[in-house]
Amino acid sequence: MGRMLVAAIVSLWIVPVSLTVNRIVPDPYMDEIFHIPQAQRYCRGDFKTWDPMITTPPGLYYLSLAYAASLFPGMWFAKGIQSLPELCSTAFLRSTNAVMAVVCSVLVYDLLISLSPSLGEKKATFYAVLISLYPLHWFFTFLYYTDVASLTAVLAMYLASLKKRFLISAMFGAIATLFRQTNVVWVAFVAASAAISYVEDLCGKDHVNLTYKKLKIERKDVIFNKNSGAVVPTLRKRRMGASTNSSQLTNSKVIRFLPLNDSGLINEIAELALKLWRLKWKVLVTFFPYLLVLLVFGALVVLNGGIVLGAKEAHLVSPHFPQFMYFGLAAAAALAPAHFTLGQASTLWQSVRRNKIGNFVNLLASLVLCMIFVHFFSIAHPYLLADNRHYTFYIWRKLIQAHRSMKYLLVPVYVYSWFSVTTALGKTQKKVWVLLFCLANALVLIPTPLIEFRYYTIPFYFLILNSKIEENIKWMVIGILYASVDIITMLIFLYRPFQWDHQPGIQRFIW
């Protein structure tokens, strides 16, 4: 019931907004000028021609082709169209993402139930609908970009891994890499997270079985002692000693189950490493499908001579460390009612005070490191400066570059944002999981020279799904903020379109 309700509510805005967008903006917009002609070639059966400006794999085009092929018989029977290429119009291709957005909202609902079983259907429905309003995801639902289908595949992979269906999860991971190459990092992240849960579950079961056997042996000893008082004391001691030694030997063979130190990341990693090493063959066999996806992807990268398919000179791997910091601020800002409040600031301050020296050193090191990053590794990509139809163009020009000191003044905000985000995740996940999340973000974002908020969508969904925001009022405020940004952005897009300035020597879009 919850799934159907979420799908119905999301469809209530997707259908009318899609119709409005296709009526007012019928022609390809921005990157659609590359994606739509390429998909239409696939609809004509031309799989050999490739636009050299397209950097991502053809997963979206194959998805649209399958979508069109599934609808073509009915459309032909109704005499609406006569050929498959005729069906693949701009509006139809955009509807691929509309369908994917509905599927994505249902996946969000299922993930909320899986991650928080006590949440309940009503709250899960409410939260799933609000999360579906996330502006970056919402806006590109109505255009022919790879983002919505990419997110849907990654979330399907994540959900299957939580349900212990690892082969299906790896299959969705392979599909996800066909939409965006960087999704291979999220395949590795999901595999690592699932492996940790798998090992913990196995060790937990072994620990329970071991404890049960030990109690059973002790119970037998008590009964034996009651029924046989003539037993030689030394024999009884020898028997109990043997039982104890056997129990200790079995326990040492299984692994040390009790945590070495719950508060230490290093000890948590060490304990996990011991468990993984003890169960390495089980883990390797169980998670081999993920490994196969990673190996095949690596081989394809080697054959291609790089990770991007086209426009390689504009997408060179660069050490763009501030990109990692930008995501922290953008994610915390997208969840501002949970992160930028006096209550959260007080909680973080109390956390720092528990270990004044250690936390002070960590904060100071973070500030210094971030200052170095913004000073030496801030990158203004040509695409960022050339196209003023993106919010990032104005953020870069009007905020980050407003004054030469501004990028340094923002560093404490970056550090606070990441501190708040990791603290929030630490309430629901192990420290190792949080570390893996940070590493995955670093691998996805740091090599990317272009500041593009669309790159933040997948990590943001992992963040919000694993954040424990309990107050309904905070969710309401988040929903209002998302809806406001969605409406304003769509109104600007539809009714204040940009036009190319044809003045000599000027290359920009004007309102």
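**The chain as a whole**

Mentor: Start with the surface. The accessible surface of the chain comes to about 26,900 Å², by the Shrake-Rupley method with a 1.4 Å probe, where for residues only the protein chains shown count as cover. Carbon and sulfur atoms hold 68% of that surface. This is a predicted model: local features need pLDDT of at least 70, side-chain atom pairs count only at pLDDT 80 or more, and totals for chains, interfaces and linings use all residues. Residues are numbered from 1 along each chain as its sequence is written, and side-chain values use heavy atoms, with hydrogens and water left out.

Trainee: How many helices and strands does the secondary structure come to?

Mentor: Both are DSSP runs, numbered from the N terminus: helices are H or I with at least four residues, strands are E with at least two. By that rule the chain has 25 helices and 2 strands.

Trainee: What percentage of the residues in the chain is buried?

Mentor: Buried means under 20% relative accessible area, exposed means over 50%, and partly exposed lies in between (1.4 Å probe, protein chains only). The chain has 511 residues, and the buried share is 43%.

Trainee: What share of the contacts with a separation of 6 or more comes from residues 24 or more positions apart?

Mentor: A contact means heavy atoms within 4.5 Å. Take the contacts in the chain with a separation of 6 or more; the share from residues 24 or more positions apart is 75%.

**The start of the chain**

Trainee: What does UniProt list for residues 1–20?

Mentor: The entry is unreviewed. UniProt positions are given in the numbering used here, feature names are shortened, and annotations may be inferred rather than shown by experiment. In the model, the span is 95% helix and 0% strand, with its end C-alpha atoms 29 Å apart. The name listed by UniProt is "signal peptide".

Trainee: Is Ile14 buried or exposed?

Mentor: Ile14 sits in helix α1 (residues 2–24). Leaving aside neighbours within four places in sequence, its contacts are Ala98, Ala101, Val102, Thr141 and Phe142. The C-alpha atoms of Ile14 and Ala98 are 6.5 Å apart, although 84 residues separate them along the chain. Its relative accessibility is 5%, so Ile14 counts as buried.

**Cysteines**

Trainee: Which cysteines form a disulfide?

Mentor: A disulfide is a covalent bond between the sulfur atoms of two cysteines. The test here is a pair of cysteine sulfur atoms within 2.5 Å. The structure holds 1 disulfide. Its sulfur atoms are 2.0 Å apart, and the partners are Cys43 and Cys88.

Trainee: Where do Cys43 and Cys88 lie, and how many residues apart are they?

Mentor: The pair links distant parts of the chain. Both cysteines are buried. Cys43 is in helix α2 (residues 32–43), Cys88 is in the loop between α4 (84–87) and α5 (90–115), and they are 45 residues apart.

Trainee: Is the disulfide of Cys43 and Cys88 left-handed or right-handed?

Mentor: Look at the torsion about the S-S bond. For Cys43 and Cys88 it is about -80 degrees, so the disulfide is left-handed.

**Aromatic pairs**

Trainee: Why is the pair of Phe189 and Phe462 edge-to-face?

Mentor: Rings of Phe, Tyr and Trp (its six-membered ring) pair if their centres lie within 6.5 Å; planes under 30 degrees apart count as stacked, over 60 as edge-to-face and the rest as tilted. The whole structure has 37 aromatic pairs. In this one the ring centres are 5.2 Å apart, and the pair is edge-to-face because the planes are at 85 degrees.

Trainee: Which helices hold Phe189 and Phe462?

Mentor: Both residues are buried. The pair ties together parts that are 273 residues apart in sequence, because Phe189 lies in helix α10 (residues 183–227) and Phe462 in helix α24 (residues 457–465).

**One more buried residue**

Trainee: What is the relative accessible area of His137?

Mentor: His137 is in helix α7 (residues 135–139). Beyond neighbours within four places in sequence, its contacts include Ala101, Cys104 and Tyr461. His137 is buried, and its relative accessible area is 5%.
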